[in-house]
Amino acid sequence: MDRELLIRLTDEGYDCAQIVVKAFEEELGDSYGAAMKSVSCMSMGLLQGTLCGAVIGALTVIGFMCGSEGPDPSSKGMCMIKREMFFSEYRRMTSGITCPEILGLDVRNNEDNIRALKENLFMRRCPDLFLGIIKIVKGLI
């Protein structure tokens, strides 16, 4: 994926979590549809000012690729290791994990949301973040 494709996917209606999952469509295979459904309400920090949807998408991909459908200490342990590796790399890229930290605005606040849209903040900051997140996850799976 490149920046232009990410912007086009955003224009088509994909949100941050879905874009990250979409980057792994081939790797997820038959699980792709379930993964997309599982993140379909997780964009923009869940509109709660919490964990970035792209990060949630990354963790979802890691879970689908490394996890199991039942109790399995081995795969759970591997998922936890991969999660910590993801966050270690992510923190080298940027320090914020919530939308307000990443954007510098709290889009739950109407004034901040209007400002973010007016300044095209989502298109200026998010695609590069998505690319970095996708690169990290590709290195982990």
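In which helix is K22 found? K22 belongs to helix 2, which spans residues 16-22; helices (H or I, at least four residues) and strands (E, at least two) are DSSP runs, numbered from the N terminus. The model is predicted, so that local features need pLDDT of at least 70 and side-chain atom pairs count only at pLDDT 80 or more, while totals for chains, interfaces and linings use all residues. Residues are numbered from 1 along each chain as its sequence is written, and side-chain values use heavy atoms, with hydrogens and water left out.

The chain contains 9 helices and 0 strands. Its radius of gyration, 15 Å, is close to the 14 Å that the globule rule gives for 141 residues, so the chain is as compact as a globular protein of that length. This radius is taken over C-alpha atoms, and the rule is 2.2 Å times the number of residues to the power 0.38. Along the principal axes, the C-alpha atoms fill a box of roughly 45 × 25 × 25 Å. Of the 141 residues, 42% count as buried (under 20% relative accessible area, with exposed over 50% and partly exposed in between; 1.4 Å probe, protein chains only). Among contacts (heavy atoms within 4.5 Å) between residues at least 6 apart in sequence, 61% join residues at least 24 apart.

The largest nonpolar core has 40 residues, of which V21, F24, F86, Y90, I133 and V137 touch the most other members. Such a core is a set of buried Ala, Val, Leu, Ile, Met, Phe, Trp, Tyr and Cys residues joined through side-chain atoms within 4.5 Å. The elements that give two or more residues to this core include helix 2, helix 5 (53-66) and helix 6 (73-93). Helix 9 gives the most, with 10 residues. Leaving out residues up to four places away in sequence, V137 touches F24, A58, V61, I62 and F86. In soluble globular proteins, nonpolar side chains tend to be buried together.

K22 is buried, with a relative accessible area of 19%. Beyond its neighbours within four places in sequence, K22 is in contact with M1, L9, Y14, Y32 and M36.

N120 lies in the loop between helix 8 (110-118) and helix 9. The phi angle of N120 is near 55 degrees, a positive value in a residue other than glycine. N120 is partly exposed, and its relative accessible area is 42%.
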